[in-house]
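Please keep the sequence and the structure at hand while reading.

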Amino acid sequence: MAYKLLFVCLGNICRSPSAENIMRHLVSAADLSDRITCDSAGTSSYHIGSPPDRRMNQAAQRRGLELVGSARQFEAVDFEAFDRILAMDRSNYRNILALDRDGKYADKVSLMCDYCREFATKEVPDPYYGGEEGFNNVIDLLFDACGGLLDEVRSELD
Ligand code: 4NP
């Protein structure tokens with residue numbers, strides 16, 4: 001059985017699809033695609049069915065990556081379906097745990113930036129209402145966090 005990762009933000013069109021696609025890219029480069037799988041979701045219903053944001057995809061393309069996906073909303077069944085759930089910011093983290101009524105799954109949920117090794121930032125900032133720099137920053141932060149996350153998961157697999 002593969003180790004299943006779920007990345008979660010608010011809209012599932014900027015940060016979490018970026019995390020999903022960056023992580024899938026690193027997992028593939030490490031030849032671990034059959035052992036680690038990646039998905040993403042949003043805590044809101046705002047953009048269900050939408051592809052990744054065009055500005056976000058442009059930032060990813062500048063780093064050589066094409067974002068694919070279709071937005072969906074995080075739901076309580078995801079707690080059972082995934083091994084680890086990564087929240088992009090503290091608000092996402094709270095909204096995820098609000099659906100864990102019995103407090104059974106708190107150990108599965110972490111903040112994405114806990115896995116950063118270069119950046120000291122504690123959250124992946126919401127880039128939606130800002131400019132190009134915000135989108136570039138999301139990609140840089142996520143490459144850092146995904147690298148740390150991959151090492152962590154890899155150590156759990158063995
Ligand atoms: P995301 O960005 O949570 O990183 O996908 C956002 C996308 C849409 C909105 C907010 C943040 N929105 O308010 O529609």
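**Ligand site and salt bridges**

In this predicted model, the ligand is surrounded by Cys9, Leu10, Gly11, Asn12, Ile13, Cys14, Arg15, Tyr46, His47, Asp126, Tyr128 and Tyr129.

**Backbone contacts to the ligand**

- Gly11 places a backbone N or O atom 2.8 Å from an oxygen atom of the ligand, and for Ile13 the distance between a polar backbone atom and an oxygen atom of the ligand is 3.0 Å.
- Asn12, which also belongs to the surrounding shell, has a backbone N or O atom that lies 3.2 Å from an oxygen atom of the ligand.
- Of the 350 Å² of accessible area that the ligand has on its own, the protein covers 93%.

**Salt bridges**

- Side chains of opposite charge can pair when their charged atoms come close.
- The structure holds ten salt bridges, and among them is the pair formed by Asp53 and Arg55, whose closest N and O atoms are 2.9 Å apart.
- Another of these pairs joins the side chains of Glu132 and Arg62, with an N to O distance of 4.0 Å.

**Accessibility of one pair**

- How do the two partners Asp53 and Arg55 stand in terms of burial, buried or partly exposed?
- Asp53 has a relative accessibility of 12%, and therefore it counts as buried, the limit for that class being under 20%.

Technical notes. Residues are numbered from 1 along each chain as its sequence is written. This is a predicted model: local features need pLDDT of at least 70, side-chain atom pairs count only at pLDDT 80 or more; totals for chains, interfaces and linings use all residues. Side-chain values use heavy atoms; hydrogens and water are left out. A residue is near a molecule or strand if one of its heavy atoms lies within 4 Å of it. A polar contact is a pair of N or O atoms within 3.5 Å; within protein, one must be able to donate a hydrogen and the other to accept it, and residues adjacent in sequence count only if both atoms are side-chain atoms. Accessible areas come from the Shrake-Rupley method with a 1.4 Å probe; for residues, only the protein chains shown count as cover. Buried means under 20% relative accessible area, exposed over 50%, partly exposed in between (1.4 Å probe, protein chains only).
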